[in-house]
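Dear colleague,

Please find the structure below, with its sequence. My notes on it follow directly after.

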Amino acid sequence: MKFKPNQTRTYHREAFKKRAACLCFRSEQEDEVLLVSSSRYPDQWIVPGGGMEPEEEPDGAAVREVYEEAGVKGKLGRLLGIFEQNQDRKHRTYVYVLTVTEILEDWEDSVNIGRKREWFKVEDAIKVLQCHKPVHAEYLEKLKLGCSPTNGNSTSCEPEASLLSLTNI
């Protein structure tokens, strides 16, 4: 299990834990997404992301988390949406799109906890995530519902109006 000794949790006024994540794509076509193994359940796949540090902006946190958990760097794109998980965990996660430009051979979580990464077709990733991380599957489903690129450069979604409340998780 992953443990960060000096980690400080940050929260919104409504007691939601602030989180940030990236859907990491192999190309701007957004047809292959990178998933990482869970630190709690190494045989399960998740979208890389985690808690925001104090004074950290969501986009910076997303890029940092992807670097730590997936060992990739890239071009940060649009904010896909802000997703809330209300049941037991009370998370509010800012989810960005990132086009991968660099893949590290060894990275922090691969060395420290043996984390793995793998490319999935978007449809396959949704199926894998629906089993144990349905909120992560929601990110990709939203992408497929209209936030995918229209011509490789522009998008057809409006991130400002995309706070999703996921109460059935």
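How many helices and strands are there in the chain? The chain has 4 helices and 8 strands, where helices (H or I, at least four residues) and strands (E, at least two) are DSSP runs numbered from the N terminus. Along the sequence they follow the pattern β-β-β-β-α-β-β-α-β-α-α-β.

Please note that this is a predicted model, in which local features need pLDDT of at least 70 and side-chain atom pairs count only at pLDDT 80 or more, while totals for chains, interfaces and linings use all residues. Residues are numbered from 1 along each chain as its sequence is written, and side-chain values use heavy atoms, with hydrogens and water left out.

Overall figures

Of the 169 residues, 47% count as buried; buried means under 20% relative accessible area, exposed over 50%, and partly exposed in between (1.4 Å probe, protein chains only). The chain exposes about 9,000 Å², of which carbon and sulfur atoms supply 46%; these areas come from the Shrake-Rupley method with a 1.4 Å probe, and for residues only the protein chains shown count as cover. Among contacts (heavy atoms within 4.5 Å) between residues at least 6 apart in sequence, 69% join residues at least 24 apart.

Nonpolar cores

A nonpolar core is taken here as a set of buried Ala, Val, Leu, Ile, Met, Phe, Trp, Tyr and Cys residues joined through side-chain atoms within 4.5 Å. The largest one has 21 residues, and Leu23, Phe25, Tyr139 and Leu140 have the most contacts inside it. At least two residues of this core come from each of strand 1, strand 2, strand 5 (72-85), strand 6 (91-103), helix 3 (122-132) and helix 4 (134-144). Helix 4 gives the most, with 5 residues. Another core, of 18 residues, lies apart from it and includes Leu34, Ile46, Ala61 and Ala62.

Leaving aside residues up to four places away in sequence, Tyr139 touches Arg19, Leu23, Val47, Leu80, Phe83, Thr93 and Val95. Of these, Phe83 lies in strand 5 and is buried, because its relative accessible area is 1%. Phe83 and Val95 are 12 residues apart in sequence, and their C-alpha atoms are 7.5 Å apart in space.

Helix 1

Helix 1 has 13 residues and reaches 17 Å from its first C-alpha to its last, close to the 18 Å expected at 1.5 Å a residue; the expected span is 1.5 Å times one less than the number of residues. Its buried residues are Pro58, Ala61, Ala62, Arg64, Glu65, Val66, Glu68, Glu69 and Ala70. Gly71, which follows helix 1, has a positive phi near 65°.

Glu30, although not a glycine, has a positive phi of about 55°. Glu30 sits in the loop between strand 1 (17-25) and strand 2 (32-37), and counts as buried because its relative accessible area is 9%. Glu55 also has a positive phi, near 70°. Glu55 belongs to the loop between strand 4 (49-51) and helix 1 (58-70), and counts as exposed because its relative accessibility is 80%.

Cysteines

A search of the whole structure for disulfides (pairs of cysteine sulfur atoms within 2.5 Å) finds 0. For Cys24, the nearest cysteine sulfur is that of Cys22, 5.3 Å away. Cys24 is buried, since its relative accessibility is 0%, whereas Cys131 is exposed at 68%.

With kind regards
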